[in-house]
Amino acid sequence: TYRRHPPGGPHRRPPWWPEGEPFPPHRGSWTWRSRRRGPGCLLPILVLAYLLFVLPAALTTSGPGYFGGSLVLVAVLAVPVLLLLGMAIRTAVRMAIAVRGLEAGARRVESGDFTARVEERGPGDTRAVARAFNAMTARLEAEDTRRRSAMADVAHELRTPLSIIRGEAEGILDGLYAGDPEHLGNIIESTRTLERLVDDLRTLALSEVGSLELVREPVDIAVLLDDVCEAHRSQADAVGVVLTATTEGDVPALEADPVRLRSILANLVTNAIRHTPAAGSVALSARRDGDHVTITVSDTGAGIPAELLPRVTERFVKGPGSDGSGLGLAIANDLVAAHGGTLAVESEPGHGTNVQVTLPLRHP
């Protein structure tokens, strides 16, 4: 296949355009393909052969006289003209039908029906647009389903602490409960849960629209790991989990947002402690890996079920019996991606979980 691109080179393909389809559908002023399907390629060849061979033969064998020769010429030329006209009409009708289908599908999408699909028919370029339209509506349908599911999950997560706050407050107001530290503590703890959930949702929203701001500065990884350990020491001691932090070799400081980086590790350590039984351990470690630093959070907990492992970084995904919001790993993954790094989760049921965060030393 040989193509001549228009001036300025090929256009940039939008993210919703199907893989394997050229964009734009028609590039350049001419295209020659070694393999063409259907009569669209055969008909011009027949017309050309007609003009090169049949027309000269007809003119040579026609009788004398200007009038007779003119009739023969008109009759002979009428055949390819009618063929070309028929081909043009056929192409126009197919394109008009395809365009009407695209218009009807676009109106359905405009009204909010993301299940709209159009038939892939018409010329090649029109079929390519139809395939792109179907891919776009499929993606919109998936996003709409995910959004509805996320809204339901948010409502569920908000309902629990709100119910606790309302129940405790009404009990105190009606005189059923005393305004003692026990009942007031439940209200305060539920309020903190709401605050964390709102902060998590805000972080996810900023990350999704690309508005998450990072204040980068040199971060000493060894100091950061020690600080995170000390901050979660009481939580680990309360459930009988040993929490340690080590640094392998000389790990240089990396350019990162210390607040966001601390939030990443806090999420990972909290999850690890929550899912590690008594007498277990949670270990933080860091090592240099070329131009990157790899931070690993390992635990000896129950592990992640195999069917859940591919989706652990999605929003509101959590294992059975988990009392978390299902946002911790999703937030950590988004924050790591904002730093230009990667987050990988390895787990085997009954043998614990390893979460590796790989970050570049320098911001590109």
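1. Asn 134 counts as buried at 12% relative accessibility, where buried means under 20% relative accessible area, exposed over 50% and partly exposed in between, computed with a 1.4 Å probe and protein chains only. This residue lies in helix H3, residues 124-173; helices (H or I, at least four residues) and strands (E, at least two) are DSSP runs, numbered from the N terminus. Apart from neighbours within four places in sequence, Asn 134 is in contact with Arg 117, Val 118 and Glu 120, contact meaning heavy atoms within 4.5 Å.

2. The basis of the description should be stated here. This is a predicted model, in which local features need pLDDT of at least 70 and side-chain atom pairs count only at pLDDT 80 or more, while totals for chains, interfaces and linings use all residues. Residues are numbered from 1 along each chain as its sequence is written, and side-chain values use heavy atoms, with hydrogens and water left out.

3. As to the overall composition, the protein contains eight helices and nine strands. It has 364 residues, of which 31% count as buried. Among contacts with a separation of 6 or more, 65% join residues 24 or more positions apart. The accessible surface is about 22,100 Å², with 59% belonging to carbon and sulfur atoms; such areas come from the Shrake-Rupley method with a 1.4 Å probe, and for residues only the protein chains shown count as cover.

4. Gly 105 is another buried residue, with a relative accessible area of 4%, and is found in helix H2, residues 66-110. Gly 105 and Ala 116 are eleven residues apart in sequence, and their C-alpha atoms are 5.7 Å apart in space.

5. Helix H4 covers residues 181-208, and its 28 residues should span 40 Å at 1.5 Å a residue; the end C-alpha atoms are 40 Å apart, which agrees. The expected span of a helix is 1.5 Å times one less than its number of residues. The buried residues of H4 are His 183, Ile 187, Ser 190, Leu 194, Leu 197, Asp 200, Thr 203 and Leu 204. An α-helix has 3.6 residues a turn, so residues three or four places apart point the same way. After H4 comes Gly 210, whose phi is positive, near 75 degrees.

6. An open sheet of five strands runs in the order S4-S6-S7-S9-S8, with mixed pairing; two strands pair if DSSP finds at least two bridges between them. Its edge strands are S4 (242-248) and S8 (342-347), each of which pairs on one side only. On average, neighbouring strands of this sheet are turned by 15 degrees against each other, direction ignored.

7. Two helices pack on this sheet. Helix H7 (residues 258-274) touches S4, S6, S7 and S9, and its direction makes about 25 degrees with that of S7. Helix H8 (residues 328-338) touches S8 and S9, its direction making about 140 degrees with that of S8. Axes are lines fitted to C-alpha atoms, for helices over the stretch in contact, and angles run from 0 to 180 degrees between N-to-C directions.

8. Within the sheet, six of the eight residues of strand S7 (residues 292-299) are buried, so S7 is largely enclosed by the rest of the structure. S7 pairs in the antiparallel sense with strand S6 (residues 281-289) over eight bridges, and Val 282 stands opposite Asp 299 in S7. In the hairpin of S6 and S7, with two residues between the strands, Gly 290 takes a positive phi near 70 degrees. S7 and strand S9 (residues 353-360) also form an antiparallel pair over eight bridges. Here Ile 295 stands opposite Val 357 in S9, and Asn 354 in S9 is the bridge partner of Ser 298.

9. H7 has 17 residues and reaches 24 Å from its first C-alpha to its last, close to the 24 Å expected at 1.5 Å a residue. Its buried residues include Leu 261, Ile 264, Leu 265, Leu 268 and Ile 273.

10. Leu 343 lies in strand S8 and counts as buried at 13% relative accessibility. With neighbours within four places in sequence left aside, its contacts include Thr 313, Ala 332, Asn 333, Val 336 and Val 355. The C-alpha atoms of Leu 343 and Asn 333, ten residues apart along the chain, are separated by 5.9 Å.
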